[in-house]
Amino acid sequence: MTDVPCPLAVKVELEEPVQHTYSLDTHKGIFIHTLSSASATATQSLYSHRHYPNLMVMEILLERQATSQEPVTVKLVSSFTPQSKDIRFETGPDYRGGSHIQGQTTTAEYPGGSCPTVHLIWTPVPVTLMLPPEHSEARWGFILVAASSLDLAEASFDEGLNLMATGSLRPSHEKAWQELWLQSKVEVTGSESLCKALIGCMFYLLSAFPSIHDTSSSFGGVSPGGLSNGGEGQDYWGHVFWDQDIWMYPGIALFYPKLARAVLEYRVGTIDGAKDNAQKQGYKGLKFPWESAVSGREVCPEDIYGQQEIHINGDVTLAFQHYLYLTEDLSMFREGLGSEVIYGVADYWVSRVTWKPEDQKYHLDGVMPPDEYYYNVNDSVYTNTVAKLGLQFAVELAELLQHPAPKEWQAVAEYIKIPFDEEHQYHPEYDGYIKGHPVKQADTVMLGYPLGLPMSPEVRRNDLEAYEPVTDPHGPAMTWGMFAIGWLELGEAEKAQLLLEKCFNNIQGPFQVWSESSDGSGAVNFLTGMGGFLQAVLFGYTGFRVQKDCLAFSSLLPNDVCELCVRGVNYLGKKDLKPVCIPEPDPNLYTSIFSGQPVTFPREPGYVCKLISAASCWPF
């Protein structure tokens with residue numbers, strides 16, 4: 001993450017006493033600051049253009065409230081300085097009336113790497129704006145473009161000026177958000193706090209993803225705090241973790257296959273770096289970094305995480321598997337080079353495991369599980385399970401693409417150790433884990449979901465009961481959503497709801513901003529927590545499971561939620577068709593679907609699994 005100064009960082013002031021109001025329009029993607037006085041109202045609107053990703057806009061509307069014919073003046077107090085601790089800026093030639101600075105980052109991402117160039121062109125912001133005596137209102141618009149080349153910066157600035165000249169700047173932004181919202185809807189009736197939280201989660205997550213029309217391939221992944229503006233370490237330097245692939249991706253992929261593909265394309269773009277990481281560790285294939293930036297080389301400031309938190313490889317391949325089952329888009333794996341990711345990770349696992357004759361099993365030694373309280377442990381149950389799943393998927397994909405699969409892929413998948421305590425009938429977090437010891441966050445409880453490791457209801461319950469009381473109550477916000485999903489799987493909706501409500505401690509009003517920890521510390525705005533929360537609703541309440549041959553669901557709602565409406569689920573590239581196993585019309589059968597009984601939709605030609613039609617909202 002590079003610190004880029006913003007010329008539109010402006011505070012609006014009126015000369016007389018005012019009342020301030022702030023609002024965030026999530027439907028239109030606009031933040032609004034309103035100053036109201038006896039004589040005038042000043043409205044400052046700020047937005048990053050949804051369709052043109054290089055463009056940021058500030059608009060000022062000044063309206064006369066009194067009958068006075070005196071001019072009204074508003075001050076624009078700027079905190080902008082053309083300086084950055086990360087970029088050496090110098091002034092460039094003005095362009096079409098716009099100010100221009102350019103510079104290069106002071107350090108490369110890795111030794112020998114290039115230092116990216118940054119160009120900023122913006123409409124100069126005056127110190128004051130005045131509403132003339134003869135006018136009742138006036139509007140001003142200011143644009144800023146940021147780009148990695150002068151050509152792109154000038155082209156984006158041209159586009160912004162043209163949009164302003166035709167009156168299309170704001171309407172085109174609002175239209176892009178409207179188009180996005182038409183493709184998804186998640187609403188509940190009965191719990192206002194839950195409904196607000198869901199809207200906030202969807203808005204902030206979508207804001208971190210590119211436009212559905214973006215063809216630039218410049219998407220740089222999603223960091224746990226997005227583009228939040230905290231301390232460097234607090235916001236993880238803008239790096240990409242497993243948070244993107246495991247926590248944020250599933251809820252977005254369910255509605256937006258183009259955005260899901262953008263995540264996979266980001267990982268494909270880092271293959272060279274992943275190959276370098278594996279070679280430096282002495283292994284074959286690909287080792288995706290624990291902290292990723294542009295190149296895919298490990299950029300974590302502490303070596304132990306990059307060396308030991310290798311479950312990231314399985315997290316990445318699980319996202320690819322989820323995408324294929326959800327879309328059947330094999331082009332992502334052929335022309336899109338997704339197969340190189342899957343095969344490369346499989347080769348890494350084969351070179352990383354060790355065979356132990358005493359138990360006739362493959363082992364992954366010296367790892368750190370998702371629970372980062374422990375390190376240099378052997379056979380993390382989560383890590384070994386995602387390795388197993390990744391290897392099995394590599395074999396499956398190779399068969400689909402008629403690619404010869406090394407026999408070692410299947411052998412390691414079949415014989416890798418999955419720790420299990422026969423006496424207590426639960427999964428220990430790693431080999432040697434002492435039951436009752438504290439854990440940082442969701443780890444073993446994720447075996448049931450999202451990993452889908454087969455187990456009996458008894459074992460699922462035992463895992464939940466073993467880890468729930470020893471999980472750090474001040475740990476990361478996404479954890480309790482996974483526990484909630486587990487209890488929903490077991491039919492205990494009220495217990496699930498109590499755990500899900502713990503997430504509300506991480507939500508700060510009035511704009512539904514999430515902190516990483518319940519005490520307000522950590523990354524802000526914490527997209528990872530939002531992703532976990534959204535999954536608890538989309539994959540917990542509904543019971544959605546994206547499987548190889550079907551989209552299955554088994555719905556269950558807590559007592560304080562009367563109705564759940566989900567629209568826009570995109571399965572196999574189609575929407576709004578009725579479930580194939582439901583004859584039309586038979587309301588009694590619709591009722592039986594939502595009574596909590598599992599229903600599986602077989603994948604057949606001409607059919608698609610879609611629970612809520614665009615024309616109706618069925619009560620669960």
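How many residues line the second largest pocket, and which of them lie nearest its centre? The second largest pocket is lined by 35 residues, and Gly448, Pro450, Leu451, Gly452 and Leu453 lie nearest its centre. The model is predicted, with local features requiring pLDDT of at least 70 and side-chain atom pairs counted only at pLDDT 80 or more, while totals for chains, interfaces and linings use all residues. Residues are numbered from 1 along each chain as its sequence is written, and side-chain values use heavy atoms, with hydrogens and water left out.

## The second largest pocket

About 860 Å³ of space lies in this pocket. A pocket is an open set of points on a 1 Å grid over the protein atoms alone, with protein on both sides within 12 Å along at least five of seven lines; lining residues have an atom within 4 Å of a point. Grid points are joined across faces, edges and corners, and a volume is the space filled by probe spheres set on the points.

Helix H4 (242–253), helix H8 (311–327), H10, H12, helix H15 (527–541) and strand S17 (545–546) each supply at least two residues of the lining of the second largest pocket. H10 gives the largest share, six residues. Helices (H or I, at least four residues) and strands (E, at least two) are DSSP runs, numbered from the N terminus. By class, the lining comprises 19 nonpolar, nine polar and seven charged residues. Ala, Val, Leu, Ile, Met, Phe, Trp, Tyr, Cys and Pro count as nonpolar, Asp, Glu, Lys and Arg as charged, and the others, Gly among them, as polar.

## Cavities

The structure holds two cavities of 30 Å³ or more. A cavity is a set of points where a 1.4 Å probe fits but cannot get out. In the largest cavity there is about 50 Å³ of space, and the residues that line this cavity are Arg50, His51, Ala176, Glu179, Leu180, Ser211, Ile212 and His213. Three of these lining residues are nonpolar, three polar and two charged.

The second largest cavity holds about 30 Å³ of space. Its lining consists of Glu429, Val439, Gln441, Ala442, Asp443, Thr444, Val445, Tyr467, Thr471 and Phe483, which divide into five nonpolar, three polar and two charged residues.

## Helix packing

Two packed helices are described by the angle between their axes and the distance between the axes. Axes are lines fitted to C-alpha atoms, for helices over the stretch in contact, and angles run from 0 to 180 degrees between N-to-C directions.

| Helix pair | Angle between axes | Axis distance |
|---|---|---|
| H9 (338–352) and H10 (381–400) | roughly 130° | within 9 Å |
| H12 (457–467) and H13 (479–489) | about 145° | 10 Å |
| H5 (257–268) and H8 | about 145° | 11 Å |

Helix H9 crosses H10 at roughly 130°, and H9 is therefore oblique to H10. Angles under 35 degrees count as roughly parallel, over 145 as roughly antiparallel, 65 to 115 as roughly perpendicular and the rest as oblique. The crossing of H9 and H10 is left-handed, a term used if the near helix is turned anticlockwise from the far one by less than a right angle. Contact (heavy atoms within 4.5 Å) is made by Ser339, Ile342, Tyr343, Ala346, Trp349 and Val350 of H9 with Thr383, Ala387, Leu391, Phe393, Ala394, Leu397 and Ala398 of H10. This contact has 11 nonpolar, two polar and no charged residues.

H12 and H13 also have a left-handed crossing. Arg460, Arg461, Leu464, Glu465 and Tyr467 of H12 touch Phe483, Ile485, Gly486, Trp487 and Glu489 of H13; five residues of this contact are nonpolar, one is polar and four are charged.

The crossing of H5 and H8 is left-handed. Pro257, Ala260, Arg261, Leu264, Arg267 and Val268 in H5 meet Ile312, Val316, Ala319, Phe320, Tyr323 and Thr327 in H8, a contact with nine nonpolar, one polar and two charged residues.

## Backbone features in loops

The peptide bond from glycine 509 to proline 510 is cis, with omega near 0°; proline 510 is placed in the loop between strand S15 (507–508) and strand S16 (513–514). Valine 524 and asparagine 525 are joined by a cis peptide bond with omega of about 10°, and asparagine 525 is in the loop between S16 and H15. Serine 217, a residue other than glycine, has a positive phi near 60° and lies in the loop between helix H3 (192–207) and H4.
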